[in-house]
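Below are some points on the model, for reading alongside the coordinates.

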Amino acid sequence: MRYYVRAEIERFLRAVDRALKRPATVIIIGGGAAALKYRIDDPTTDIDTFNAVGADLRRAIDAARKATGLAMPFEQTGVADGPYDFEDRLLRAMPRLARLTVLVPERHDLALMKTVRRDQADFAKLQAIHERKRFDLSVLLDRYQQEMSHVVIDPRRLRGNFLALVESLFPEAVTLVETALERPDQRNQLDAFLASRTRLKRRQRLPRRPRRGR
């Protein structure tokens with residue numbers, strides 16, 4: 001199985017862009033999105049898309065394979081679920097491309113899409129994104145509760161997968177999140193905890209005042 005790094009994915013997409021005869025839009029999810037927008041260098045085996053690959057784009061992909069020598073799989077994924085409104089929050093990657101518009105999920109949406117499958121390699125990518133720029137736990141929890149009920153999966157399994165995600169990113173808060181899910185009236189405990197963490201981080205960022213001499 002061939003693995004592709006970010007530089008190869010970008011080179012391939014530039015070749016696709018040059019080969020296109022008319023504008024095309026592609027929504028890239030999975031490892032390709034993590035590489036292109038969030039600069040994660042973990043190699044991926046293919047480019048998964050959320051939308052269908054039309055005939056014009058498919059011809060450009062074939063031309064790019066010949067031009068680059070990269071036989072990169074580039075197909076619509078068979079199964080993909082994410083937050084209900086994630087398409088309203090799509091972000092653009094590689095904005096300098098002339099004809100090809102590359103869109104990827106916003107990072108919290110990408111995390112919840114990965115949660116459906118609960119693959120350890122996917123969680124490792126999310127941890128790498130988290131290390132670059134921390135996820136907002138409140139955003140993850142709100143979108144999980146408000147925008148994931150349509151996902152075709154046993155709700156108990158999805159809940160377990162979500163808690164596993166929280167434990168991997170916010171181990172100090174997983175008990176409070178579990179309590180908030182079981183008893184929504186206890187959400188204020190989690191909110192208070194998160195607010196205290198935010199205040200602490202702000203204080204840590206403030207420059208220390210020099211001590212006055214006696």
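Does Phe 86 count as buried or exposed, and at what relative accessibility?

1. The model is a predicted one. In it, Phe 86 has a relative accessibility of 3% and therefore counts as buried, the cut-off being under 20%. Phe 50, at 23% relative accessibility, is partly exposed.

2. The number of aromatic pairs comes to 3. In one of them, the ring centres of Phe 50 and Phe 86 lie 4.9 Å apart with the planes at 85°, so this pair is edge-to-face. Phe 50 belongs to the loop between β2 (47-49) and α3 (55-68), and Phe 86 to the loop between β3 (74-76) and β4 (91-93). The pair thus joins distant parts of the chain, 36 residues apart.

3. Another aromatic pair is formed by Tyr 144 and Phe 162. Here the arrangement is stacked, with 4.2 Å from centre to centre and 5° between the planes. Tyr 144 is in helix α6 (residues 137-147) and Phe 162 in helix α7 (residues 155-169), so the pair ties together parts 18 residues apart in sequence. Both Tyr 144 and Phe 162 are buried.

4. A charge also sits over a ring: the charged end of Arg 107 is placed over Phe 135, at 5.2 Å from the ring centre.

5. On helix packing, two packed helices are described by the angle between their axes and the distance between the axes. For α7 and helix α8 (residues 174-182), the axes come within 9 Å and cross at roughly 150°. Because angles over 145 degrees count as roughly antiparallel, α7 is roughly antiparallel to α8. Their crossing is right-handed.

6. The contact between these helices involves Arg 159, Phe 162, Leu 163, Val 166 and Glu 167 on the α7 side. From α8 come Val 174, Val 177, Glu 178, Leu 181 and Glu 182.

7. As for the overall layout, the chain has 9 helices and 5 strands. Along the sequence, they follow the pattern α-β-α-β-α-β-β-β-α-α-α-α-α-α. Taken along the principal axes, the C-alpha atoms fill a box of roughly 70 × 55 × 30 Å.

8. Of the 214 residues in the chain, 45% are buried. Among contacts with a separation of 6 or more, 74% are between residues 24 or more positions apart.

Definitions and conventions. Residues numbered from 1 in each chain as written. Predicted model: local features only at pLDDT ≥ 70, side-chain atom pairs only at ≥ 80, totals over all residues. Heavy atoms only, no water. Phe/Tyr/Trp six-rings, centres within 6.5 Å; stacked < 30°, edge-to-face > 60°. Helix = DSSP H or I, 4+ residues; strand = E, 2+ residues; numbered from the N terminus. Buried < 20%, exposed > 50% of the residue type's maximum accessible area, 1.4 Å probe, protein only. Lys NZ or Arg CZ within 6 Å of the ring centre and 35° of its normal. Axes fitted to C-alpha atoms, helices over the stretch in contact; angles between N-to-C directions. Parallel < 35°, antiparallel > 145°, perpendicular 65-115°, else oblique. Left-handed = near helix turned anticlockwise from the far one by under 90°. Contact = heavy atoms within 4.5 Å.
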